[in-house]
Amino acid sequence: MIDHRIQTFLTLYDTMNYRETAQLLLMTQPAVTQHIQHLEREFGCRLFSYDGRKLERTPEAEILRRYADSMLYQERKLRLALQPSAGLSIAMGATKTIGEYALYDHAARFLARPENRLSMEVDNTIQILDMLRRGALDFALVEGFFPRSEFGSFLYRREPFTGLCSDDHPFAGRTVRLEELWSEHLVCREADSGTRAILEQVLAEQNHTLSDFRRVTCIGNFGLLARLVEAGTGITFSYVAVGEGHPELRRFAVDGWNIVREFNYVYLPDTDGERLARAFESYRITNP
């Protein structure tokens, strides 16, 4: 099983404070120091250093963290594998659009087999990827951008990105000019969300920002955001799946925009994540 000194390292990596690490692990502060020194001797490198009074991680600590996360994940999966079960036990994550609008039928088919077990975390992209790094998830379904050099991945589906408004909005069913957007009230997701990142990137490519809209309101909950747009409060941009989940919303297009983004399975390399992701994928009826 994983060396208990690795657990000390991981806790210090997160807290960046010897005293707090000792408190969390119910150890003395000198014991924490001894664990870190042992690992530094074992691996022949410094893991932490001080810049004045500030504790900093070394590049070698970053490398050890990645490998340690993988080891913790594999240990957790080994313990599960040793428990007799005829089905699959999966811990997955999903970014908010996918979790709330794209997975219902798929998850229902998976859970229709009584032996299967599923836990699912739905959060923004940054939080989901962080949980994946820490080995808390087997794999995740992620919209938009993620560091491909750090994770393995394969395609779930491609999804068009579109404008959404109320049924009686002047944009409903139209293709509008870019300049028409700036007089609108934009209702958008929070800063760490995948849909907002896509909108900001598209605007930046045309030398614009969110501040060009007459008014911007940020909402972290899709249900509330959709209801505000349905009521005519403003317009939003999201995936087609969101519009399909809210029949009261109407689509509109922006002239020159033809935006399609990938939904991807994402997992840590050298773990069981890819096998479990492909096993979950096998329960999908169609592959759009």
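1. Basis. The model is predicted: local features need pLDDT of at least 70, side-chain atom pairs count only at pLDDT 80 or more, and totals for chains, interfaces and linings use all residues. Residues are numbered from 1 along each chain as its sequence is written, and side-chain values use heavy atoms, with hydrogens and water left out.

2. Main core. Start with the largest nonpolar core, which has 44 residues. A nonpolar core is a set of buried Ala, Val, Leu, Ile, Met, Phe, Trp, Tyr and Cys residues joined through side-chain atoms within 4.5 Å. Buried means under 20% relative accessible area, exposed over 50%, partly exposed in between (1.4 Å probe, protein chains only). Phe139, Leu181, Ile235, Phe237, Phe252 and Trp257 have the most contacts inside this core. Take Phe252: the residues it touches include Leu164, Phe171, Leu181, Ile235 and Phe237, not counting residues up to four places away in sequence. Contact means heavy atoms within 4.5 Å.

3. Second core. A separate core has 16 residues. Leu10, Tyr13, Ala22 and Ile36 are among them.

4. Gly135. This glycine sits in the loop between helix 7 (125-133) and strand 5 (139-143). Helices (H or I, at least four residues) and strands (E, at least two) are DSSP runs, numbered from the N terminus. Is Gly135 buried or exposed? Gly135 counts as buried because its relative accessibility is 7%. Gly135 touches Asp69, Tyr73 and Arg76, not counting residues up to four places away in sequence. Ser70 lies 65 residues from Gly135 along the chain, yet their C-alpha atoms are separated by 6.6 Å.

5. Helix 1 with helix 2. The axes of helix 1 (residues 4-15) and helix 2 (residues 18-25) come within 9 Å and cross at roughly 130 degrees. Axes are lines fitted to C-alpha atoms, for helices over the stretch in contact, and angles run from 0 to 180 degrees between N-to-C directions. The two helices are therefore oblique to each other. Angles under 35 degrees count as roughly parallel, over 145 as roughly antiparallel, 65 to 115 as roughly perpendicular and the rest as oblique. Gln7, Thr8, Thr11, Leu12 and Thr15 of helix 1 meet Tyr18, Glu20, Thr21, Leu24 and Leu25 of helix 2.

6. Helix 1 with helix 3. The axes of helix 1 and helix 3 (residues 29-43) also come within 9 Å, crossing at roughly 105 degrees. That makes helix 1 roughly perpendicular to helix 3. From helix 1, His4, Arg5, Ile6, Thr8, Phe9 and Leu12 meet Val32, His35, Ile36, His38 and Leu39.
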